[in-house]
Amino acid sequence: MSSPPFRLRTLGAVGSVAALVALAACSSSSSSGGSASGNSSSSGTVTVAVVSNPLITGQMIPLTRSVFEKQNPGITVKFATYTEGDLRAAIEKDVATHSNAFNVIMIGPYETPLFAKNGWLTDLTTTFTNNDPGYDASDLLPSIAKALSYKGDLYAAPFYGESSMVFYRKDMFQAAGLTMPQHPTWAQVQSFAAKLNVPGKQSGICLRGLAGWGDNMAALDTVVNTFGGEWFNMNWQPQLTSPAFEAATNFYVNLIRKYGEPGASSDSFNQLLTLYGQGKCAMWYDATVAATSIATTYPQVATNTGYAFAPVNKTQSSGWLWTWSLGIPQGTSNAGAAWKFVSWATSKQYASLVASKYGWAAVPPGTRTSLYSNPSYLAAASAFAPITIASIDGTDPNHPTVNPVPYVGVQYVDIPQFESLGVAVGQQIAGAIAGTESVSQALTAGQAAASQYTPAQLSAG
Amino acid sequence: MAVVETGAAPPSVAEVRPRGASRREAWQRRLPLLPALIYTIVVTQIPFLVTLWYSFQNYFFDVPGGAHWTGVSNYSKVFTNAAFRGALWRSVLMTVVAVLVAMILGVAFALLLDRKFIGRSVVRTLIITPFLVMPAAAALVWAGPMLDPNFGLLNYLLEPFGVHHVAWLSTHALGSVIVVMIWQWTPFMTLIVLAGLQGQPADVLEAAKVDGAGVLATFRELTFPFLRPYIELGILLGSIYLVNVFDAVRLMTNGGPGTVTTNLPFYLYEQVNNAFDVGGAAATGVVTVILTIIVATFALRMFARVFQFEGAGS
């Protein structure tokens, strides 16, 4: 063992050098992996972070493969698909740390103004739409475009827009001798749910219970608003334990626990779409865009589906306003190619393309004025297009509540802290829906979570 | 963890040789190990130092401006936070219950599999299968096809017995997660105990039979003491893995409903992923590492004893 000392030493040295080289290679590859070559050229790879909703997974992704990439041979589009909660976390981390793993991000009216204010998004108006008359940004629905703007400029292009409404089974209502008014109250909806609930067979009403501010809290917030509650009063003091907030939450939680679907605390849009499509729900309160998915995925159920406005209590209307939109992070590589993809997916031509492949009823709704004067669309979507556009037009994110509030947003509070606060409160509500805690326990915990921020911190957002 | 592993220096055998030769030999022995040592330091200790640094910073991803020094406020938050204590308690509860039940089932299965019967090798392979399935895939299968309240297999099978649409992951979330952990780890315990059983000398058992000992007495007086080191080993290894269980929690219940299934790893993940609280998560991580080192020190002592047992047994 001691005869060839030099060789052993050399071996060791070579080994350690090799290890260092390997390490250096690892670290350099990881640091250069994110930034591909090219800056504003219209070619290269475009990585898009999207939410796993049907109009994206069922239409956008396949059409990108079969049409967009064929028309633009220099561009390769990669999709990263997430559920809503995971998407938010992935995007927030990527954009805030300037990792630039995504060239295009799917965001909404909550993120867009906040990100734009932080300088995390590309100004689409000055960078692209002003020089791209074919895109026709003035055709975007005013309320949707406004929700995606910061200081008058567009920072995200809407892929589809939505409010909320009630879907109900006309056949079940008829069999029970019930009539759904066009503008129901929550008390009416509750009484219908009680009559139509058949445990083990069908739920009186299907509602979101999954923890998340865009999941169970989106639906609950519209109930809170119309019951006269709010997240914060004008002095930015949290109001989660106010009588109105508590009454609304009790109402919502009891409605689910008595007449809702079993296991509601793990259900959000996609799960409820499946349940409704399989005839397990007599009513379903959710995003208006569900009408498009019901029409295309469950045509049998669609013929028996009626549509009513979001139920109210103390307000005239109560629908939320949301739009899944495509933004381009500031400083991303391949921004030119990214815009090419974004403008294609949110264009008028995309609507015709979807129509030619899947029929007019399948077209992503709620983004462009021209769609709602298109006779082919209105003929195919006559059952739900008028109520969708009326619901979207009827929302007012600046005045969502009965009492005046210092924040913007119907089913969210447009401050940075809401990202984690909304999730924390959503978890508590999910616990109340599952029965692991009471509503007042959940709201007390939620109030405590909201109280960790000072009014000064909240208003600075 | 690495601190514990590298802490024990091997007793020097070169002591009796001349000094110069010993130094050279010592280096001959050390040099080939250096790359591994450097690698270990780079991938474990440097990230730990970075974590330590972050744990004294106020740093939220979503707040522009980056990190700034806050002293020990992150740590005081960890110790005053009921959510952290809850997660710690649930981690301990989940691990203890899952490991003990898996071990009891493992011993039972091992005793059965130790007998000779037709198709034994097929049954053995089948019993090991849950351990071979990817934890993430297993969790998804359990959450969807098995436990779904509307379309799940379990509710379908229970329907003739009057059980209707139980939302297992809502009403029995913690129990469901623990059952999946047990399901996944019982095969591992079975394997370890079975290996022990097959090393049991046949003549001793025969002697017991001749002396008129019953089945129970034989198990209590002979088999169980013989298996003890194997059971201890299984419990130790199982605990090390199960205290870190994440897949099942993330994919079956996402820590909920509320926080009833949030264990320490998931709590940490949430602090970064939902609250974007890098400083707080780093402090939680540091506290967890310190607690782990304390537990691991005791566990490793037991580990050493297990090997002594084995050495004495062979």
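Guide: Two strands count as paired if DSSP finds at least two bridges between them. Keep that cut-off in mind. The model is predicted.

Visitor: What makes E7(A) and E9(A) a pair?

Guide: The count of bridges. 5 bridges join E7(A) to E9(A). The cut-off is at least two, so the strands pair. They run antiparallel.

Visitor: Why is E7(A) called largely enclosed?

Guide: A residue is buried if 20 or more other C-beta atoms lie within 10 Å of its own C-beta. In E7(A), 6 of the 6 residues are buried, so the rest of the structure largely encloses this strand.

Visitor: What packs against E7(A) from the helix side?

Guide: The buried residues of H17(A) do, and they also pack against H6, E6, H12, E9 and H16 of chain A. Those buried residues are Ala385(A), Ile387(A), Thr388(A), Ser391(A) and Ile392(A).

Visitor: How do you know that they lie on the same side of H17(A)?

Guide: By the arc. They cover only 170° around the axis, which puts them on the same side of H17(A). An α-helix has 3.6 residues a turn, so residues three or four places apart point the same way.

Visitor: What makes a nonpolar core, and which residues have the most contacts inside the largest one?

Guide: The members are buried residues of a nonpolar set, joined through C-beta atoms within 7 Å. The largest such core has 145 residues. Those with the most contacts inside it are Val104(A), Ile205(A), Met283(A) and Phe341(A). H18(A), residues 418–434, gives the largest share of this core, 10 residues. Domain 1 and domain 2 of chain A each supply at least three residues to this core.

Visitor: Which residues is Val104(A) in contact with, leaving aside its neighbours within four places in sequence?

Guide: Val46(A), Val48(A), Leu326(A), Ile328(A), Ala338(A), Phe341(A) and Val342(A). Another core, of 59 residues, lies apart from the largest one; among its residues are Tyr59(B), Val99(B), Ala110(B) and Trp185(B).

Visitor: Where do the domains of chain A run, and how many residues does each give to the contact?

Guide: The domain assignment gives domain 1 as 44–162 + 322–380 and domain 2 as 164–320 + 398–460. Their C-alpha centres lie 27 Å apart. On the domain 1 side, H3(A) gives the largest share, 4 residues. By class, that side has 11 nonpolar, 3 polar and 4 charged residues.

Visitor: How many residues does each chain give to the contact of chain B with chain A?

Guide: Chain B gives 32 and chain A gives 38. On the side of chain B, two or more residues come from each of H2(B) and H8(B). H2(B) gives the most, with 10 residues. This side of chain B divides into 17 nonpolar, 12 polar and 3 charged residues.

Technical notes:
Residues numbered from 1 in each chain as written. Chains lettered and ligands numbered in written order. Predicted model: local features only at pLDDT ≥ 70, side-chain atom pairs only at ≥ 80, totals over all residues. Buried ≥ 20, exposed ≤ 12 C-beta atoms within 10 Å, placed from the backbone. Arc of directions from axis to C-beta. Contact = placed C-beta atoms within 7 Å. Domains from an automatic or database assignment. Nonpolar A, V, L, I, M, F, W, Y, C, P; charged D, E, K, R; others polar.
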